[in-house]
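Q: I'm new to this one. Could you take a close look at a single part of it and walk me through what surrounds it?

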Amino acid sequence: MTNDHLSEVLDCARVLADHNGQETLVLDLTELSLWTDYFVITTATSSTHLAGLVRHLTEHLAVRGLEPSRKPRLADDEEWCLVDAGWFVVHVMSVRARGFYELEKLWFQAKAISVQPSGPGAPAGNPSGTA
């Protein structure tokens with residue numbers, strides 16, 4: 001994928017981090033997977049927070065003309081929401097679900113890019129460091 005695609009993925013990750021998604025990161029799967037190029041993973045602090053993060057994400061995607069393969073529907077006690085945007089997949093997870101499934105360990109060969117919330121003067125779309 002192009003740097004434009006990575007930039008778009010990082011922008012989506014930053015939206016989650018800016019809305020208090022915890023430990024937000026991007027896994028680069030371009031060399032490991034044929035069905036998607038990136039995972040974005042973030043942790044929500046409650047089911048209400050999870051729903052809010054998903055709402056902010058879908059609004060961000062819509063503004064950019066990106067439509068998830070299906071509209072996320074969340075139950076009140078949801079612990080994991082997967083938003084499939086085709087060449088990247090976003091996982092918004094509770095602390096418990098993230099600890100149990102450990103996607104970062106499952107995809108340990110992927111390059112991990114840690115994404116921090118935007119700060120004053122921080123350009124959108126730039127990673128703040130690597131994990």
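This is a predicted model: local features need pLDDT of at least 70, side-chain atom pairs count only at pLDDT 80 or more; totals for chains, interfaces and linings use all residues.

A: Contact here means heavy atoms within 4.5 Å.

W107 sits in the loop between α4 (103-106) and β5 (111-114). Is W107 buried or exposed? Its relative accessibility is 18%, and buried means under 20%, so W107 counts as buried.

So what does W107 touch? If you set aside its neighbours within four places in sequence, W107 is in contact with L27, L29, L32, S33, W35 and F39.

Now for the rings. A pair of aromatic rings is described by the distance of the centres and the angle of the planes. The model has six aromatic pairs, counting rings whose centres lie within 6.5 Å. One of them joins F39 and W107: the ring centres are 5.6 Å apart and the planes stand at 80°, so this pair is edge-to-face. F39 belongs to strand β2 (residues 38-44) while W107 is in the loop between α4 and β5, so the pair ties together parts that are 68 residues apart in sequence.

F39 is tucked away as well: with 4% relative accessibility, F39 counts as buried.

Technical notes. Residues are numbered from 1 along each chain as its sequence is written. Side-chain values use heavy atoms; hydrogens and water are left out. Helices (H or I, at least four residues) and strands (E, at least two) are DSSP runs, numbered from the N terminus. Buried means under 20% relative accessible area, exposed over 50%, partly exposed in between (1.4 Å probe, protein chains only). Rings of Phe, Tyr and Trp (its six-membered ring) pair if their centres lie within 6.5 Å; planes under 30 degrees apart count as stacked, over 60 as edge-to-face and the rest as tilted.
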